[in-house]
There are 2 protein chains.
Amino acid sequence: MSDSRKVSRRTFVTSAMSAAAISSLPAQPVFAGINNASSPSAMHQVAVALTDSPSWKDQGIENLAKSPYAKLHDIPVRAVTIPSGFWAGRREINVSKSIPTMHDLLEANGRMNNFRRLVGKSNAKQIGPVFSDSDPYKWTEAVGFVLQSGDRPELRAVTEKMINEIVAVQEPSGYLNTYYQNDRIPERMTPQTQSTGHELYCLGHMLQAAIAYYRGTGDRKLLDAGIRFVNDFLIPNYGPAPKKPIVSGHPEIELALIELYRITGDRRQLDLAGYVLQGDERATFPERRTIYMFSGTPFTARTQLQGHAVRAMYACCGATDYYLETGDPAYWKTLTILWEDLSQRQMYISGGVGARAEGEAFGEAYELPNARAYGESCAAIGNMMWNWRMLAASGDAKHADIIERALYNGINSGMSLDGTLYCYRNPLAFDPSGGDKIRNEWYDVTCCPPNLERTFASLPGYFYSNSSDGIYLHLYNDSELNWHLESGTGLKVTQKTNYPWDGRVDINVAPAQPSEFTFHLRIPGWAEGAQVSVNNKSISDVKPGQYLAIQRKWSSGDVIRLQMEMPPQVIQANPRVIDDAGRVAVQRGPLVYCLEELDQPEGVSLVNVALDLANTPSETFQSQLQTDLLGGVVVLRHVGRAYENDTNARALYSGYSGVQTKSRRIPLTFIPYYAWANRQATSMQVWTPLYKA
Amino acid sequence: MSDSRKVSRRTFVTSAMSAAAISSLPAQPVFAGINNASSPSAMHQVAVALTDSPSWKDQGIENLAKSPYAKLHDIPVRAVTIPSGFWAGRREINVSKSIPTMHDLLEANGRMNNFRRLVGKSNAKQIGPVFSDSDPYKWTEAVGFVLQSGDRPELRAVTEKMINEIVAVQEPSGYLNTYYQNDRIPERMTPQTQSTGHELYCLGHMLQAAIAYYRGTGDRKLLDAGIRFVNDFLIPNYGPAPKKPIVSGHPEIELALIELYRITGDRRQLDLAGYVLQGDERATFPERRTIYMFSGTPFTARTQLQGHAVRAMYACCGATDYYLETGDPAYWKTLTILWEDLSQRQMYISGGVGARAEGEAFGEAYELPNARAYGESCAAIGNMMWNWRMLAASGDAKHADIIERALYNGINSGMSLDGTLYCYRNPLAFDPSGGDKIRNEWYDVTCCPPNLERTFASLPGYFYSNSSDGIYLHLYNDSELNWHLESGTGLKVTQKTNYPWDGRVDINVAPAQPSEFTFHLRIPGWAEGAQVSVNNKSISDVKPGQYLAIQRKWSSGDVIRLQMEMPPQVIQANPRVIDDAGRVAVQRGPLVYCLEELDQPEGVSLVNVALDLANTPSETFQSQLQTDLLGGVVVLRHVGRAYENDTNARALYSGYSGVQTKSRRIPLTFIPYYAWANRQATSMQVWTPLYKA
């Protein structure tokens, strides 16, 4: 075997590949996952064994198989199929509409010509912001995840062409970035450039793309290019003295380097991530800048979330990854402090984060404006990614609650129902009279669209985790898991459910042979009164916000039934959230609801609307499945109040007259927040005042 | 006289002064104001007559004597003295503390070395932002206004030195700007540079400084330099084709050029302002940029306030000045539309404007966040300046109401009570736990401090206006007017009052001889039930928000008594102001009040406080003069409510439980908003929820 591996390596060693890159491939024995039977189609198929990790086909969103401080371990995206239900349609549109149209837009906006230009295949000028290379990388990552769910030859061919065009511009040194060319060459890789120049950010996304594509296809071309950039260019020249300093101007490289380490086993990559997370005293910046970057100073000295929200979330991802590999308690302490800040003071009910448009940043504690909410799609995704890592480290269901909250609301809102328009910001209230167009097919800073695409493409990888004692179920949807326990025993789990519209989930558990293990079933934090039975026998002690650990000898044919009531829930915010004071939101299951003005009686302005909780129960909220609306949603009907204010005629300031007490009863209709702004422009709000008689 | 003028002109013609500059001095007869008796002390004293305008000593903040569309005409700053009362102390601190310390800070921060460097007197590098020259200009303008209230030899000597250093760097062409030197020379005066480069902005402030200093001293040195810049450099080369295009990247030049025209009578200066206000089709910018600049497209095509608030306010000032000279109805139409937008949708109760930190900009209609309010001091000043011009054009008291609102609140808050610290932004709610330091002695963009200084220094000029039928009284304070009617009849008006703490104003009207004219007495919009008597004889039909026109034969010894009740008034905002929904503000007279947490019972968080309007009247609000607090203020006492929330322990989101209904009665103390943040860091808020039992 050792011989064949030596031969196989040569099949992907390109002429530009250096000895250093080859030496990065450790010679440990291959870990053979049980699902490793089928052959990859690419010519690089025989070259995948790099360390004692699972094969490329057996690696999850994160490859935590050997991460010493991971309690939970990802299962591969391909291990879960989602044939129908809520996420099936979304994912199908993602592949059939979003990803193809985004490819065309990347071309139309010159993102690939930036590469072609450097090899004489285009006369177009360099175009787009400094980080434009990350756009095709993120798109490629999305494709990589799609291919992890099954081959798509046409899509793969297009992507392979793109990858060839990318690696064609890699310099002999390993450097690859289309922006720092010609008179910008002197700007390369200085800490000052790094603080705004996104070279490491682009490399991070290149690595993530390379890894996802490798895990989807076994094709190492882009991965090897990434390894060359890291091992030939970065590691020999940059790092602690006497090497040259670098700084993570936009965190991303940290998590990417650690994921690369999880493939190569090359400890230097992990160490470089640790170095970047700590900052380098030789590269100093004004405090304002290190706050904005959420980097440049030791991660472990942070005590609150601040600065650019996406940067902060990605930094927290990288730091959690670092903890998963090292168990450094200083990192865990900081991560728990920051997570507390996130969940108790900085997060929208949608799971969105980053209140301020200015600096795309976190605001003060409890600063969560609604109409002005920034809530960048990328930041909500970063929130989900971070909580995924925290969940792996802790097994604590509170992280899964946030993953679900962000996924179903603040992330899902980011893509139009037809899959062709994207939100950059995701406000919780909206007035179209300002002329703001909230959904667009393209942004010059087009980070969010491919980020949404990769998230939906990777979704099956978030459904389950392995653990030493069994399996964790995190997300509900019609789906089938074909995988195995860590003991090696094959395991099939089938979910049947109409979640999130209905709270019943039937789960068939079918181990290859009868086995004693624990099935950790997530009970969402919102699911008061949830009931669980196994083979019709009720289980006690079901607690919302925890994993219900069902330890028994499981056999094929066993059925878990999870029954969650889904009454519309009226939610209040901490009074310190000034913007929600006197207001409530409505949630049903994992879905946050909103009012769109066009669904309300004609002439009623959302400004004048209030909820009335003193109604008879039948008038309070009625859930109603409406299959013809917004792709099929459960709407909520409520008899509320409309104050009789002529708001347009009223002076901006006037003596208090208590006029708001005159009101009339009106029917109100709520739709899920994620589906807003998919019809004509209209006002929207999540938080609505309460009527007091 | 004609001969002596020819001679005198030579006394200030410097070697660099061109024929073009000389030709700009028209040869019309001198208009002799009645107060023109005393001699100016400068050597340039004999050279002041430029047009048939009032002499330098007789010109007000604006010289509207010959403006055909001005209904009201400014009176000179020096015509009003303010010996005691509310503004006397503020103005004294402005002269004795603010202006001297700001001079030292300008020096310490290299603003004058920028000039010295160019004549070999400093080796320091060019320092500060692109518009740094405007800092000494604005400071000089403040001094100019101080000197209009009486000579201050030391201050004048320091300023003369500064002026000499400024004019020393003027190039033979007339150009003067320390930033565009050496390799930046090619960037000079291109539309692209103008859009961000502030050359015209700096020239505008140079002209305003020159004019104020000229009106304070008769010294024309800086004024002549400004005229050379305009007449030798700007007018011959820039303007409509075939001249080169320019654009007002930060409006300011428009109002300055028109004020210069009001001195020189040189119509080309007015025309250039009109050209700039209309934009030049040869210099096009993205819409986003023209919105931000509030220029670059025809002013008369604007339909709403948007973009950078200070830019918008200065543009509106310039446009109103243009209307005052031309009567162009398209301008007036646009100005009234924009003013409606300002007063009905875009202004804080403090008179502050510009809701967003991002772009220092106006937000959407009714977007008036409190904690995040930007409300830049300069923008509130711009608001006052614009309304001053609108008042001159219309004589409508609604403009005086906004002047008073901005002056007493959103402007006055901008300078600490000791005169050494300044607010850049003026929020209406504040939580110090975010670490924001709201008052600072210096900002690298130090526009606000000297702007506040010039405003307080110019204040006497805002007290009265002349009109063809008599005199207008706008602002109340102990004061003495020594001036004349437009008929030439000398007039002395003395105000005795403890305003704004007390609503009684005793006004002695003493014309030099008994004369028939109208005394237009402003009745503030807030002054319901105001009573007016003349010589103890009550006058009927006193209407708040109007000028009470008292037409009679006035004789020395006549006394007007204005009696305004000052009950604390509870103010509500239009329901479309989401951030004020369910909340009220408290105002007394012209002063907006706020709560500072340190004045409330220990342990009570402002987050949990509500006002209780169901109290017995004696508990609702009690006004109490507290001479030992904050320089002497009337505080308001109120028995309100504190909700018993443990806001720190409470989850960010939780099921609605109505816990806010548990509350207890507590005494609350309000202070005037302008005086906030003058003690230790503490929370503050203007808008407070109402308690509903």
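Let's start in chain B of this predicted model, where the axes of helix α3 (residues 86-108) and helix α5 (residues 134-148) come within 11 Å and cross at roughly 155°. Angles over 145 degrees count as roughly antiparallel, so that makes α3(B) roughly antiparallel to α5(B). If you look at how the pair is turned, α3(B) passes α5(B) in a left-handed crossing.

Now for the residues where these helices meet. On the α3(B) side you'll find V95(B), I99(B), M102(B), H103(B) and L106(B), and across from them in α5(B) sit D135(B), P136(B), W139(B), A142(B), V143(B) and V146(B). Sorted by class, this contact has nine nonpolar residues, one polar and one charged.

Next, step back to see how the two chains touch. Chain B puts 42 residues into the contact, and chain A puts in 42 residues as well. On the chain B side, α14 (329-346), β16 (569-573) and β22 (653-655) each supply at least two residues, with β16(B) giving the most, at five residues. That side of chain B has 19 nonpolar, 14 polar and nine charged residues.

Strands also pair up across the two chains. Strand β16 (residues 569-573) of chain A pairs with β22(B) in the antiparallel sense, over three bridges. Look for Q572(A) here: its bridge partner in β22(B) is S654(B).

Finally, a word on confidence. The model scores ipTM 0.86 and pTM 0.83. Chain A averages a pLDDT of 91, and 91% of its residues score at least 70. Residues 1-49 of chain A are another matter, as pLDDT stays under 50 there. Where pLDDT is low, the predicted coordinates should not be read in detail.

Notes
Residues numbered from 1 in each chain as written. Chains lettered and ligands numbered in written order. Predicted model: local features only at pLDDT ≥ 70, side-chain atom pairs only at ≥ 80, totals over all residues. Axes fitted to C-alpha atoms, helices over the stretch in contact; angles between N-to-C directions. Helix = DSSP H or I, 4+ residues; strand = E, 2+ residues; numbered from the N terminus. Parallel < 35°, antiparallel > 145°, perpendicular 65-115°, else oblique. Left-handed = near helix turned anticlockwise from the far one by under 90°. Contact = placed C-beta atoms within 7 Å. Nonpolar A, V, L, I, M, F, W, Y, C, P; charged D, E, K, R; others polar. pLDDT = per-residue confidence, 0-100. Pairing = 2+ DSSP bridges.
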